[in-house]
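Let's take a walk through this structure together. Have the sequence and the 3D view open as you read.

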There are 2 protein chains.
Amino acid sequence: MNKNSYSPKASQILDVAENHMRKGGFDAISFRDLATAVGVKSASVHYHFPAKADLGQAVVARYRERIMDALGDPKDQRSMASKLQLLFDTYAAALKDGDSVCLCCQLGAEARDLPEDVAAEVERFFKNVVGWTASALSSSLSASKADKLAAHIISALQGAMVLAVATDDESHLENTRSLLKDCVDAQVAG
Amino acid sequence: MNKNSYSPKASQILDVAENHMRKGGFDAISFRDLATAVGVKSASVHYHFPAKADLGQAVVARYRERIMDALGDPKDQRSMASKLQLLFDTYAAALKDGDSVCLCCQLGAEARDLPEDVAAEVERFFKNVVGWTASALSSSLSASKADKLAAHIISALQGAMVLAVATDDESHLENTRSLLKDCVDAQVAG
DNA sequence: AGTTGTCTACCTATCGATAGATAGTATTTA
DNA sequence: TAAATACTATCTATCGATAGGTAGACAACT
C-alpha cells in the first residue's frame, strides 16, 4: 500500500507515468511510451500493472501519500501560519518541479471520464488535503468555518496552478497565496 | 470568426465536441464518435474541420465568444456586485449544464500537451475573462489591485469547479462565491 | 522447484487522416 | 436561356500508426 512496496522498476514506471499524467491527464500515458522510457517492453509494464486503471490508481495513491507525508501532522506544535505556508510551498513545488499542475487538479477536472478506481483515489486525495487544511485551521476557527475555508484554499490553489500553466505566468500562485493569507486573517479576526 | 459563420452541421459537431471535451479534455473527442453523434461519417467531420487542432481551436473560440457575450460590457452601468454575481452565475451554469467543469479549466490544466493553436486560444480565454473581471472591479479599486484580485477570483472559481466535480459536491462553488465576496469587500474597504 | 521479471509475438480495436467519387446547389459564362 | 463550371456536403474505402491487452517461452535468482 505504501510506496516502498514497489520494486525499483515499478517505481520508475510510476515516476514517468506521474510526470506524463500531470501534463496531459490519464490519456497522456501509454504502455509503450512508459516502457520505452524505462527501458523495457510494454508487456513488462503490464506485468507490474495489469491494466491501465491499476497504473493510474497507483500513481494517484503514491502521489497522495507523498503529499500527505510532506505536510505532516496538522495538529502538531507548529503555528497555523507556518502550516499554511508549507501547504503553499508544497503546491508551488509541484508547479515548478514538473512545469505542470498538481496531478489531482489535472485528474480532478476529468473525473467524469476516469475509471472508477482512479476517480475514487482522486477524490480521496482532495478529502485528505482539505481535511488536513481544515485541521490546521481548527485551532483558530470553528469547525464549520475551518471546513469551508479549507475547501476554498484548496480550490484557489488548484485554480491558480491552472492559470499559471495556461497563461504561462507563475505569479498567479504567489498572488493567490497573498490574497488567501488576507482571507484567512480576516476570518480569524472576525 | 463568430459562431454564426458555422453551418448547422458544423455547429452540431462543435456542440458535441465541447460537451465531450469538458468531461475528458482534448483527447476525449474522436472524429468517429463525433460523426456518429451527429449522424455522418468521420470523413465528413474532416470536411468541416480539416485537422483535430482546427476543431479544438474552433470549440474554444466559440466557447470564449459565448462566455464573453454573456458577461457583456464590464464598464456599463450595472453595479460591481451585480457584475460579479453574473460572473459566478455563468460559472455555476457551466457546471450544472454539463455536469462538467469549465472547458478552459479542463484544457488549461493540460495546456502543455495541447496543439499550439488550441493552447493559444485557451490562454486568450483566460486573459479575456480575467480582463473583464479586472475591468468590472476597476471602478472601486486601483488598477494594480483590480488585476490581482481578478486573477484570484478566476483562479478560485476554476478550482472550485474541479473540486465540485472531483468530490461530487456542488457546494464548493457557492462556498467559494461567498468567501470571494468577503475578499472583494475587504479589498474595497481597505 | 518455484518465483520473479522480462521477452517475442500477436490480437483486436481505434485513432487521425486521405483519396476519390457523387449528388445537389450556386454561380458564371456563351 | 442554356450550358459550363465551381462549390458544398457528404459518401465508401482505406491507410499507417498506435492503443490496451494476452499467451507462452525463457532466464535468473531463492
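**Around the DNA strand**

Three helices each supply at least two residues of the surface near DNA strand C: α3 (42–48) of chain A, together with α2 (31–38) and α3 (42–48) of chain B. Keep in mind that this is a predicted model. Of the 18 residues around DNA strand C, Val40(A), Ala43(A), Tyr47(A), Ser30(B) and Ala43(B) come nearest. Sorted by class, this surface has 8 nonpolar, 5 polar and 5 charged residues.

Now turn to chain A and find helix α1 (residues 8–24) and helix α4 (residues 52–71), whose axes come within 10 Å and cross at roughly 90 degrees. On the α1(A) side, the contact is made by Leu14(A), Ala17(A), Glu18(A) and Met21(A), while α4(A) brings Leu55(A), Ala58(A), Val59(A), Arg62(A) and Tyr63(A). By class, the residues of this contact divide into 7 nonpolar, no polar and 2 charged.

Next, look at where the two protein chains meet: 43 residues of chain B are in contact with 43 residues of chain A. On the chain B side, α1 (8–24), α6 (103–109), α7 (116–137), α8 (143–166) and α9 (171–189) each supply at least two residues, and the largest share, 15 residues, comes from α8(B). This side of chain B divides into 20 nonpolar, 13 polar and 10 charged residues.

Finally, the largest nonpolar core has 116 residues, and those with the most contacts inside it are Val122(A), Met161(A), Val122(B) and Met161(B). Leaving aside neighbours within four places in sequence, Met161(A) is in contact with Tyr91(A), Leu95(A), Val101(A), Cys102(A), Cys105(A) and Leu173(A).

Notes
Residues are numbered from 1 along each chain as its sequence is written. Chains are lettered from A and ligands numbered from 1 in the order in which they are written. This is a predicted model: local features need pLDDT of at least 70, side-chain atom pairs count only at pLDDT 80 or more; totals for chains, interfaces and linings use all residues. A residue is near a molecule or strand if its C-beta atom, placed from the backbone, lies within 6 Å of it. Helices (H or I, at least four residues) and strands (E, at least two) are DSSP runs, numbered from the N terminus. Ala, Val, Leu, Ile, Met, Phe, Trp, Tyr, Cys and Pro count as nonpolar, Asp, Glu, Lys and Arg as charged, and the others, Gly among them, as polar. A nonpolar core is a set of buried Ala, Val, Leu, Ile, Met, Phe, Trp, Tyr and Cys residues joined through C-beta atoms within 7 Å. A residue is buried if 20 or more other C-beta atoms lie within 10 Å of its own, exposed if 12 or fewer, and partly exposed in between; C-beta atoms are placed from the backbone. Two residues are in contact if their C-beta atoms, placed from the backbone, lie within 7 Å. Axes are lines fitted to C-alpha atoms, for helices over the stretch in contact, and angles run from 0 to 180 degrees between N-to-C directions.
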